[in-house]
Amino acid sequence: MQNQGVKQDIRSVNLDELKDFLVENGEKAFRAKQVYEWLWKKNAHSFEAMKNLSKKTRDLLETHFRIQHLEVDHFQKSEDGTTKIAFRLEDGGLVEGVLIPAEKRVTACVSSQQGCKFGCRFCATGTLGFTRNLTAGEIYDQIFEIKRRAEEEFDSTLSNIVYMGMGEPLENYENVMHSIERVSADNGLMMAPRRITVSTVGLPHMIKRMADDEVRFNVALSLHSAKNEARDEIMPVNKAYDLEDLIDAIKYFNEKTGTRVTFEYLLMDKVNDSLSDARALAEFCKNFPCKVNLIEYNPNEHAPYQRSSAERRDAFLKFLEQRNMVVNLRRSRGKDIAAACGQLANKDKK
């Protein structure tokens, strides 16, 4: 609910509502598209910057609205070029975004919530607790800033956007969907949906909702174990929605959209990296078309886990490849900075 005396953030107003507002106040309806282009394509931080609008129109907007924006608070840059950015929210909190360069690709990893309620044992964000959902504009600002840095530092536009930062995107469904709409719009960043990936801890009812909404972006599921007992231990959400629930939801998603889900699998030493774990994963993946990203774990001081040894990692990978599975090994990035999700915000909290 809007606080008494606080003007509404104009980026929370859709295009039709903005048209109605302008017409009701004696302006032409087409002005709404001009304003929207300033807000989203150009990421204007003030109404004064909207130079193709008359002063009368700018004053009208200034009287009734504000433009809420994130600000870069601080950042850390790794030797490999990975840059982790702490963004300061209007109400003082911090969220994180990451620029990840790799060969000819530059990926933006963005947060959808301040903190997270799911408390995955290996994740530093879970120790922060949950504060609030981010607005579509706050998510968009992370992407816009990372895109700007990619162009400035690497002479490259963004190749991909992943919603894999702080928070559970499907718990902030409306704002996440709105941000993706703006990112892919002609008067936004014109990013093709196939270059966007939304990651979830595995909420079956929301996976089915995405299927019903016929989303066109990619979906990744943080699996990390295909054994209920082990997943219960490292991901408490599994106690509410177990692997059988996920199988049902993923089958539904695949049948409705024709899109295969990607499983993210952090390899943690002697936790989920045995050949028995690999066999369970292979059996789980027989249920639907899918691909698997094996990820080197970035240890953090808030969790007792360590990265798998090279021997265990390679044996796990070989086992899956011998079963003709689509599997990629993702090397850890930003090892020399606070690279695990939530670490930068935790440092500030201290």
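**View 1. Arg323 over the ring of Phe319.** Arg323 lies over the face of Phe319, at 3.5 Å from the ring centre; a charge counts as sitting over a ring if NZ of Lys or CZ of Arg is within 6 Å of the ring centre and within 35 degrees of the ring normal. The model is predicted: local features need pLDDT of at least 70 and side-chain atom pairs count only at pLDDT 80 or more, whereas totals for chains, interfaces and linings use all residues. Residues are numbered from 1 along each chain as its sequence is written, and side-chain values use heavy atoms, with hydrogens and water left out.

View 2. Helices (H or I, at least four residues) and strands (E, at least two) are DSSP runs, numbered from the N terminus. Buried denotes under 20% relative accessible area, exposed over 50%, and partly exposed in between (1.4 Å probe, protein chains only).

**View 3. Aromatic pairs Phe21 with Phe65 and Phe263 with Phe288.** Rings of Phe, Tyr and Trp (its six-membered ring) pair if their centres lie within 6.5 Å; planes under 30 degrees apart count as stacked, over 60 as edge-to-face and the rest as tilted. By this rule the count comes to eight aromatic pairs. The ring centres of Phe21 and Phe65 are 5.0 Å apart and the planes stand at 75°, so the pair is edge-to-face. Phe21 in helix 1 (residues 15-24) and Phe65 in strand 2 (residues 65-66) are 44 residues apart, and their pair links distant parts of the chain. Both Phe21 and Phe65 are buried. Phe263 and Phe288 form a tilted pair, 5.8 Å centre to centre with 50° between the planes. This pair also links distant parts of the chain, from Phe263 in strand 12 to Phe288 in the loop between helix 9 and strand 13.

**View 4. Strand 4 (residues 83-88) and its two antiparallel partners.** Five of the six residues of strand 4 are buried. Strand 3 (residues 71-77) pairs with strand 4 in the antiparallel sense over six bridges; two strands pair if DSSP finds at least two bridges between them. Glu71 has Arg88 in strand 4 as its bridge partner. Six bridges also join strand 4 to strand 5 (residues 94-102), again antiparallel, and Ile85 stands opposite Gly97 in strand 5. In the hairpin of strand 3 and strand 4, Gly81 takes a positive phi near 95°, while Gly92, in the turn between strand 4 and strand 5, has a positive phi of about 100°.
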